[in-house]
Amino acid sequence: MKSLDWKNDSEYMAIVGDLLEKKEVQKLDNYTQHHNGTRLDHCISVSYESYLLAKKHNLDAVSTARAGLLHDLFYYDWRTTKFTLGSHAFIHPRVALRNAEKLTVLNDKEKDIILKHMWGATIARPKYFESSIVSFVDDEQAITEYFDHVRKEFKMKLMKYKEKVIKFI
Ligand SMILES: [Fe+2]
Ligand SMILES: [Fe+2]
């Protein structure tokens, strides 16, 4: 993905700084999200990109930034952990909401943003524009992160192939 300069955005940092310092959020750095990058990278990208969009459209940028950061606050590998109660798409927003509520007080909009971010894969429709923004940005990030991974794999294969050809020549 294109690198967003969130660290140098003092207005954004003033909104999410307290959350970024929490060990429960830092822990997301130990989990791979979409092949490429950690869950923490993913959450920050979704949060910051959604925040910029919300700000541009005069929406609630604060709730968007904070809930965007917490939307995937869960601690398991979704590729290997399976649930009997429902799909990962259905379960993890609920787990993330429960974990987020232990970290900070959430308003209704923030709860909706976290709970509905899998809209499309799950039926419940977002109640707020801000929830739709995070849901769309999350999809876009997942696709970008996946194709970044595919592109890197392809490049590596191509380089190995070139090496073989050079040796042969
Ligand atoms: Fe998610
Ligand atoms: Fe996500």
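## Helix α4 against α7

The axes of α4 (residues 61-70) and α7 (residues 129-168) cross at roughly 40 degrees and come within 10 Å. Here axes are lines fitted to C-alpha atoms over the stretch in contact, with angles from 0 to 180 degrees between N-to-C directions. Helices are DSSP runs (H or I, at least four residues), numbered from the N terminus.

On the α4 side the contact uses S63, T64, A67 and G68, and on the α7 side E130, I133 and V134; residues are in contact if their C-beta atoms, placed from the backbone, lie within 7 Å.

## About the model

This is a predicted model, in which local features need pLDDT of at least 70 and side-chain atom pairs count only at pLDDT 80 or more, while totals for chains, interfaces and linings use all residues. Residues are numbered from 1 along each chain as its sequence is written, with chains lettered from A and ligands numbered from 1 in the order in which they are written.

## Helix α4 against α3

Now to another partner of α4. The axes of α3 (residues 39-56) and α4 cross at roughly 165 degrees and come within 7 Å, so the two helices are roughly antiparallel. Among the contact residues are C43, I44 and V46 of α3, and A61 and T64 of α4.

## Helix α4 against α1

Helix α1 (residues 10-20) packs on α4 at about 35 degrees, the axes being 10 Å apart. Contact residues include Y12 and I15 of α1, and V62 and R66 of α4.

Definitions and conventions: Contact = placed C-beta atoms within 7 Å. Parallel < 35°, antiparallel > 145°, perpendicular 65-115°, else oblique.
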